[in-house]
Amino acid sequence: MDFAPPILVCALAVAGLLVAEYRDSRAGLWLTKPLASAAFVWLAVAAGALASTYGRLVLLALLLCLLGDLLLIPRDQPKVFRAGVFVFLLGHVAFSAAFLTRPLDPAGLLAGAVVLALLIGWVLRWLGRSLPPDMVIPVRVYMLVIGVMSALACGATAAGGPVLLAIGALAFTASDISVARDRFVRHQFINRAWGLPLYYAAQLLLAMTPALI
């Protein structure tokens, strides 16, 4: 399996995406972000995602993330942003379903749950009053779901699954902190400068896991 082409396309598109973000170019965002996200879907297919239940669920999750990425491009449409959050929520559910098809180590699952509970609790306290009233419940539900997803990934890796699985899920969780800060605390390029590369790296890692299962 040749993973180099989709990884290279994603890396180049993310580089272009960062330039577009820095210049606040709407046209640049619409050109580079869909391409970068399509590349991780391409990678999953190249990794044999269609050949197993686990792989098909991962592919579904990545397709939902692709749709979520598109919905997060418009910044001045709150309803579209909320729709994007919901689609990403479904993506995390699909990832969780994929991880549930794998053996889970109880100790690894518990350790992951404790770490994620502490992290999510800190993030929610940090966001505090920065959250608009209509986003408090959606963000809490979202953080709970992504915490469950990451804990399941830790349990699957501890049971002998690929380490990329846990690393990808945890990196995905960490990248969401940049989105939260950018949307609810302070809109700055620095949030996207580290959050976007981390997010796409996480998706590429998860996209490769069907080949390792």
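Does Y199 count as buried or exposed, and at what relative accessibility? At 7% relative accessibility, Y199 counts as buried. Buried here means under 20% relative accessible area, exposed means over 50%, and partly exposed lies in between (1.4 Å probe, protein chains only).

The model is predicted: local features need pLDDT of at least 70, side-chain atom pairs count only at pLDDT 80 or more, and totals for chains, interfaces and linings use all residues. Residues are numbered from 1 along each chain as its sequence is written, and side-chain values use heavy atoms, with hydrogens and water left out.

Across the whole structure, a search finds 11 aromatic pairs. Rings of Phe, Tyr and Trp (its six-membered ring) pair if their centres lie within 6.5 Å; planes under 30 degrees apart count as stacked, over 60 as edge-to-face and the rest as tilted. The pair of F40 and Y200 is tilted, because the ring centres are 5.9 Å apart and the planes stand at 40°. F40 lies in helix 2 (residues 26–46) and Y200 in helix 8 (residues 189–208), so this pair ties together parts that are 160 residues apart in sequence. Helices (H or I, at least four residues) are DSSP runs, numbered from the N terminus. F40 and Y200 are both buried.

F88 and Y199 form an edge-to-face pair, at 6.2 Å centre to centre and 75° between the planes. F88 belongs to helix 4 (residues 78–100) and Y199 to helix 8, so parts 111 residues apart in sequence are tied together. F88 is buried, with a relative accessible area of 6%. Ring pairs link F40, F88, F95, F99, F172, Y199 and Y200 into a cluster.

Helix 4 also packs with helix 6 (residues 136–158): their axes come within 9 Å and cross at roughly 25°. Axes are lines fitted to C-alpha atoms, for helices over the stretch in contact, and angles run from 0 to 180 degrees between N-to-C directions. Helix 4 and helix 6 are therefore roughly parallel to each other (angles under 35 degrees). Residues of helix 4 in contact (heavy atoms within 4.5 Å) with helix 6 include F88, F95 and F99. Among their partners in helix 6 are Y142, M149 and L152.

D182 lies in helix 7 (residues 163–185). At 11% relative accessibility, D182 counts as buried. A polar contact of 3.4 Å joins the side chains of D182 and R192. Such a contact is a pair of N or O atoms within 3.5 Å; within protein, one must be able to donate a hydrogen and the other to accept it, and residues adjacent in sequence count only if both atoms are side-chain atoms.

Methods. Helices (H or I, at least four residues) and strands (E, at least two) are DSSP runs, numbered from the N terminus. Angles under 35 degrees count as roughly parallel, over 145 as roughly antiparallel, 65 to 115 as roughly perpendicular and the rest as oblique.
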